[in-house]
Amino acid sequence: MAIAQTNSQQQEKVSSEASAGEKKRWTLSDFDIGKPLGRGKFGHVYLAREKRSNHIVALKVLFKSQLQQSQVEHQLRREVEIQSHLRHPNILRLYGYFYDQKRVYLILEYAAKCELYKELQKCKYFSERRAATYVASLARALIFCHGKHVIHRDIKPENLLIGAQGELKIADFGWSVHTFNRRRTMCGTLDYLPPEMVESVEHDASVDIWSLGVLCYEFLYGVPPFEAKEHSDTYRRIVQVDLKFPTKPIVSSAAKDLISQMLVKDSSQRLPLHKLLEHPWIVQNADPSGIYKA
Ligand code: AMP
């Protein structure tokens with residue numbers, strides 16, 4: 001508890017400096033750089049300590065040349081703008097950014113327990129308590145995002161990190177949009193995309209309900225529901241909502257009921273997220289603290 005308080009106090013120190021962003025100009029010399037945490041498509045992520053506050057952060061270093069080559073500068077700008085304004089316990093904080101001639105640096109909250117997909121690979125599938133705790137946390141984070149007119153559009157295990165206490169953090173806002181309208185862009189990974197997005201028809205915030213349903217299935221069965229060898233088969237299975245529940249592992253009918261209410265072709269008929277939080281499977285299984293304790 002003492003550690004948690006110290007962390008959050010330090011966090012506030014970094015963030016108040018970051019939110020005074022216009023005044024504070026970060027440079028690399030403000031940080032002690034530690035071990036590499038991972039490697040992404042456009043650069044590396046390092047553990048780092050902000051020298052003045054001693055606060056531990058994750059520093060994501062992106063190469064401008066690679067961003068330009070892949071024409072994702074616009075996407076990055078949008079990601080930074082959206083993520084830096086979202087403050088929720090289940091959304092990874094983006095404290096600020098800076099750049100030099102060759103690189104862009106993102107100052108991120110450090111997620112000490114790292115990646116969810118590795119946990120899932122290790123366990124093959126999660127218990128119903130663990131799955132429900134994560135799904136409820138994500139639902140709360142998405143309700144918060146949607147309330148701010150932000151749709152995530154790319155909810156999948158690779159974009160989720162686990163914080164020091166075991167809490168889930170949505171980490172990647174690369175495909176998110178700030179929107180008041182319905183959208184048409186096709187984005188995200190095929191397995192998690194709803195029918196309206198694979199068919200490139202208009203979509204809205206209910207795309208995130210679908211992806212959360214896919215994720216809930218994957219948590220419980222270890223594979224996404226519409227997986228197929230060929231892209232074209234995944235596409236067909238999504239469009240037809242070809243949803244099958246294997247006999248193993250054994251999953252409760254309450255969990256299957258929830259998934260079936262989220263994976264609905266007509267986006268207006270998907271279970272709203274606030275109703276999801278009242279679903280018996282969530283109420284009976286999700287830890288109210290939002291933290292999964294092994
Ligand atoms: P990314 O470029 O976001 O895909 O990040 C590459 C890898 O770095 C991830 O797969 C994680 O293992 C690690 N990583 C990224 N961000 C963080 C963070 N905030 N805290 C801890 N590890 C991270």
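Reader: Which residue takes a positive phi in the hairpin of S2 and S3, and how many residues sit between the strands?
Author: In this predicted model, the residue is Asn54, whose phi is positive and near 70°. The hairpin has five residues between S2 and S3.

Reader: And how are those two strands paired, S2 and S3?
Author: S2 and strand S3, which covers residues 56-63, run antiparallel and pair over seven bridges. One of the residue pairs there puts Arg49 opposite Ile56 in S3.

Reader: What about the other neighbour, how many bridges join S1 to S2?
Author: S1 and S2 are joined by six bridges and are likewise described as antiparallel. A hairpin of three residues leads from S1 to S2, and Arg39 has His44 in S2 as its bridge partner.

Reader: So what sheet do these strands belong to, and in which order do they come?
Author: They belong to an open sheet of five strands, ordered S1-S2-S3-S5-S4, with antiparallel pairing. The edges are taken by S1 and by strand S4 (94-99), each of which pairs on one side only. From one strand to the next, the twist averages 25°.

Reader: How many bridges join S4 to S5?
Author: There are five bridges between S4 and strand S5 (residues 103-109), and the two strands run antiparallel. Within that pairing, Tyr99 stands opposite Val104 in S5.

Reader: Where is Asp100 found, and what is it in contact with beyond its neighbours in sequence?
Author: Asp100 is in the loop between S4 and S5. Once the neighbours within four places in sequence are set aside, Asp100 is in contact with Lys64 and Tyr105. Lys64 is 36 residues away from Asp100 along the chain, yet the C-alpha atoms of the two are separated by 9.3 Å.

Reader: Switching to charges: how many salt bridges does the count come to?
Author: The count comes to eleven salt bridges. One of them brings together the side chains of Asp32 and Arg49, at 3.8 Å from N to O. Asp32 lies in strand S1 (residues 31-39) and Arg49 in strand S2 (residues 43-50), so this pair ties together parts that are 17 residues apart in sequence.

Reader: How accessible are Asp32 and Arg49?
Author: Asp32 is partly exposed, with a relative accessible area of 34%, and Arg49 is partly exposed as well, with a value of 34%.

Reader: Which residues does Asp242 form salt bridges with?
Author: Asp242 forms a salt bridge with Arg237, where the closest N and O atoms are 3.0 Å apart, and the side chain of Asp242 also meets that of Lys244, at 3.5 Å from N to O.

Reader: Why does Asp242 count as buried?
Author: Asp242 counts as buried because its relative accessibility is 18%, and the cut-off for buried is under 20%. Arg237 is buried too.

Reader: What is the order of the strands in the open sheet of three?
Author: The order is S6-S8-S9, with antiparallel pairing. Strand S6 (114-115) and strand S9 (168-170) are at the edges and have a single partner strand each, so one side of each is left without a neighbour in the sheet. S6 pairs with strand S8 (residues 160-162) over two bridges in the antiparallel sense, and the bridge partner of Glu115 in S8 is Leu161.

Reader: Which helix packs on that sheet?
Author: Helix H5 (residues 128-147) packs on the sheet, where it touches S8 and S9, and its direction makes about 35° with that of S9.

Reader: And H3, what is its reach, and which residues are buried?
Author: Helix H3 (residues 73-85) has 13 residues and reaches 19 Å from its first C-alpha to its last, which is close to the 18 Å expected. The buried residues of H3 are Gln75, Leu76, Glu79, Val80, Ile82 and Gln83.

Reader: Last one, what does the whole protein come to in secondary structure and burial?
Author: The secondary structure comes to eleven helices and ten strands, and 49% of the 294 residues count as buried. The protein exposes about 14900 Å², of which carbon and sulfur atoms supply 51%.

Conventions:
Residues are numbered from 1 along each chain as its sequence is written. This is a predicted model: local features need pLDDT of at least 70, side-chain atom pairs count only at pLDDT 80 or more; totals for chains, interfaces and linings use all residues. Side-chain values use heavy atoms; hydrogens and water are left out. Helices (H or I, at least four residues) and strands (E, at least two) are DSSP runs, numbered from the N terminus. The expected span of a helix is 1.5 Å times one less than its number of residues. Buried means under 20% relative accessible area, exposed over 50%, partly exposed in between (1.4 Å probe, protein chains only). Accessible areas come from the Shrake-Rupley method with a 1.4 Å probe; for residues, only the protein chains shown count as cover. A salt bridge is a side-chain nitrogen of Lys or Arg within 4 Å of a carboxyl oxygen of Asp or Glu. Two strands pair if DSSP finds at least two bridges between them. Axes are lines fitted to C-alpha atoms, for helices over the stretch in contact, and angles run from 0 to 180 degrees between N-to-C directions. Contact means heavy atoms within 4.5 Å.
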